[in-house]
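Please open the model in your viewer and keep the selection panel at hand. The tour below moves from one selection to the next.

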Protein chains: 2
Amino acid sequence: MNCSIISVGTEILFGQIVNTNTVYLSKELNGLGINVYHHFTVGDNTKRLEETLLYAMSKSDLIITTGGLGPTQDDLTKETIAQVLGKKLEIHKPSQSRLYNFFECCNKTMHENNLKQVYLPKDSIVLTNDCGTAPGFILDVDGKIFISMPGPPNEMKCMFNGYVKDFLKGKSQHIIHSKVLRFFGIGESALETALIDLIDNQTNPTIATYAKIGEVSVRITAKAENIEKAEKMTNDVIAEIKNRLGQYIYNYADEELVEVVSKKLLEKEVSISFAESCTAGLIASKLAATPGISKCLDRSIITYSNDAKIEELGVKEATLQKYGAVSEETAREMVLGLRNKTKSDLCLSVTGIAGPGGGSKEKPVGLVYIGMVYDKKVICNKYNVFGDRSRVRNYTSMLALNMIRKVLE
Amino acid sequence: MNCSIISVGTEILFGQIVNTNTVYLSKELNGLGINVYHHFTVGDNTKRLEETLLYAMSKSDLIITTGGLGPTQDDLTKETIAQVLGKKLEIHKPSQSRLYNFFECCNKTMHENNLKQVYLPKDSIVLTNDCGTAPGFILDVDGKIFISMPGPPNEMKCMFNGYVKDFLKGKSQHIIHSKVLRFFGIGESALETALIDLIDNQTNPTIATYAKIGEVSVRITAKAENIEKAEKMTNDVIAEIKNRLGQYIYNYADEELVEVVSKKLLEKEVSISFAESCTAGLIASKLAATPGISKCLDRSIITYSNDAKIEELGVKEATLQKYGAVSEETAREMVLGLRNKTKSDLCLSVTGIAGPGGGSKEKPVGLVYIGMVYDKKVICNKYNVFGDRSRVRNYTSMLALNMIRKVLE
């Protein structure tokens, strides 16, 4: 099945909002084995929307629209689709009752224009909006399928997962099964090079790589008659990838590095403290995004200045003078000082040159030392991180999380 | 001038990347007084790209493409545009020399397919890529303008700002002048309500609002024959907005809150330290994104546990027991303890309930206390922040930055 996604909204054409709906739908549809061949965005304008619908119909079997289902005069997606397909709009009684209830429950005043939302094209399957007021709909006209969902991302996702996904699965003769592997310590292009023969020959399962700072993931998607076959196909590919790049894989369930680390800490009841210089709280604040992490996270001492390193962590002035703030010796004294004062099970220190200034030939921008004390062992690693200030700080926080992950394995 | 933006790349149709190029270009083009009426995305497929180009040409005077200018076989934007317009591709000597130099300087091996990048449509204005290797181009064919830029956002922005923006300005009879006001402490809908009459009646200058967590900005764009007139028009609107909402405006030059605070600290040479609990390093790490801030930022003590609050900041155990970790008394003792140990000019403490757990009727999720010592004064503010864990932590860091901004004014 070939699909076009049409986003309706002048605010997207103005660049006022990022079109995340299209990203979300594209991933989901590809995962269902549907080919997304076109994305369109048009403003709240009947003529241009009509033209776009006609063009999309000429190219695709499935046309999905988001946006323009609300109560105001600007919202005209439904009206335009009905007009293009020669369908009348009819009041949908269950949606009308839902709307009345909604306004009653919230003690809000319902304006007359709110009723506009519950007029839907004749013959359509109505999609309840469990996260808002505007219903969506599905229309099957001579084998072309139209699906209209609201624009707010939470409402769209709610409707897609609640109703549309199952509808589309029902249209497919196949089961689609996906697994996402997460990698750390290997760049996207190196990963692609290592898997290029698999990627080039992919048809089923398909293999797609995704990258963000420091992390790469690979999604393997198989299409088969039943789940057992699909799982077998996926597992065969995973085995081959693991064979080639196993040392870089840290997760098989699409979990972020910080999630994996938080889970391990909570599961093993490990108390943890940090002494951060160049990352200045990034590591602790990432970890603190996990609810309940206060059971493990004791403190982080951000010692940006030399004075702070001396006063807070007992780093020796002589060490700072002889080796500098960014050195193995300083990282080591920082983590030992931290351990001494906190007694946390796991202590970690970071010192580095984030740039753009402060680098030299001997100590270039991106030079980072990470010290760790755990289970009576002291480790100190040296890294050279590539990139600008923001990347150096972010990637360093990932390196630290990865070191923690490894000792907790 | 009416414009279509075409994004070329199968990775966008797969939902593998968010299309930020279109957002950026839409904002910029609207700022230049150009009407963006369509966004299209197509994959790396000659037939579909050709059809999309023809359709866009039938609707617009200006067609901008991003992506598909690279060295691989997948990259076919240039070839397809040339074919649609009946133009031959010719080698562009200056770009060829640039490419050879690039590979020589980096000690990289140049593969034969890299040369593909320097073949450009006959009669085009070549756009140097100052941030990468693939040049772009402008073609003016019978009054229709085609502009092709590379897909990587940094290269596209670099080319747009370096060459394309001036070219487009030259096509306009008008001067376009924009100013962006930044607000803190007011939501987007409240702001819109306060300005609704101005927004509804806008034609010239135009008024657009943008929102992200905790911050709202308003862009005012005027079109006039000369800069004096455009500035006068913009200033008149700004005066009216200031009249209505002046207390929420923190900046007239589109600068983020953290930028404004960093500049003030550096300018006034104020040393600063933090004691963070629920934000767990977010405030310090945001500030540390500014190069050179080590002149001001001394340290941040992230005291997540009660033990840490007692040991690091001298908070009294009795205070924690009587009033709780999230209380005005604790925030006050935290900041006084911090001041006592650091002697920093400005000391700030944060304690709050980020959620989802830990809330009660008396102390709900989102309750936050921020303490500050500056210029011999102690301030302690109480806030109730709305939202989930991530929003509470982020918004709290913004509240803290805003308190700093105010005392440094």
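A cavity, as meant here, is a set of grid points where a 1.4 Å probe fits but cannot get out, and its lining residues have an atom within 4 Å of a point. The model is a predicted one, and by this rule it holds one cavity of 30 Å³ or more.

To find the largest cavity, select Asn19(A), Thr41(A), Asn19(B), Thr22(B) and Thr41(B), which among its 20 lining residues lie nearest its centre. The space inside comes to about 190 Å³. Colouring the lining by class gives eight nonpolar, 12 polar and no charged residues.

Now select Leu348(A), Ile404(A) and Leu348(B), the residues with the most contacts inside the largest nonpolar core, which has 79 residues. Helix H14 (residues 389–408) of chain B gives the most to this core, with nine residues. Around Leu348(A), leaving aside residues up to four places away in sequence, the residues touched include Phe274(A), Ile283(A), Met372(A) and Ile404(A).

Finally, move to helix H9 (residues 257–268) of chain A, whose 12 residues reach 17 Å from first C-alpha to last, close to the 16 Å expected. Its buried residues are Leu257(A), Val258(A), Val260(A), Val261(A), Ser262(A) and Leu265(A), and what covers them includes strand E13 (272–276) and helix H14 (389–407) of chain A.

Conventions:
Residues numbered from 1 in each chain as written. Chains lettered and ligands numbered in written order. Predicted model: local features only at pLDDT ≥ 70, side-chain atom pairs only at ≥ 80, totals over all residues. Heavy atoms only, no water. Helix = DSSP H or I, 4+ residues; strand = E, 2+ residues; numbered from the N terminus. Expected span 1.5 Å × (residues − 1). Buried < 20%, exposed > 50% of the residue type's maximum accessible area, 1.4 Å probe, protein only. Contact = heavy atoms within 4.5 Å. 1 Å grid on protein atoms, 1.4 Å probe; cavity = no way out; pocket = protein on both sides within 12 Å on 5 of 7 lines; lining within 4 Å. Points joined across faces, edges and corners; volume = space filled by probe spheres on them. Nonpolar A, V, L, I, M, F, W, Y, C, P; charged D, E, K, R; others polar. Core = buried A, V, L, I, M, F, W, Y, C linked by side-chain atoms within 4.5 Å.
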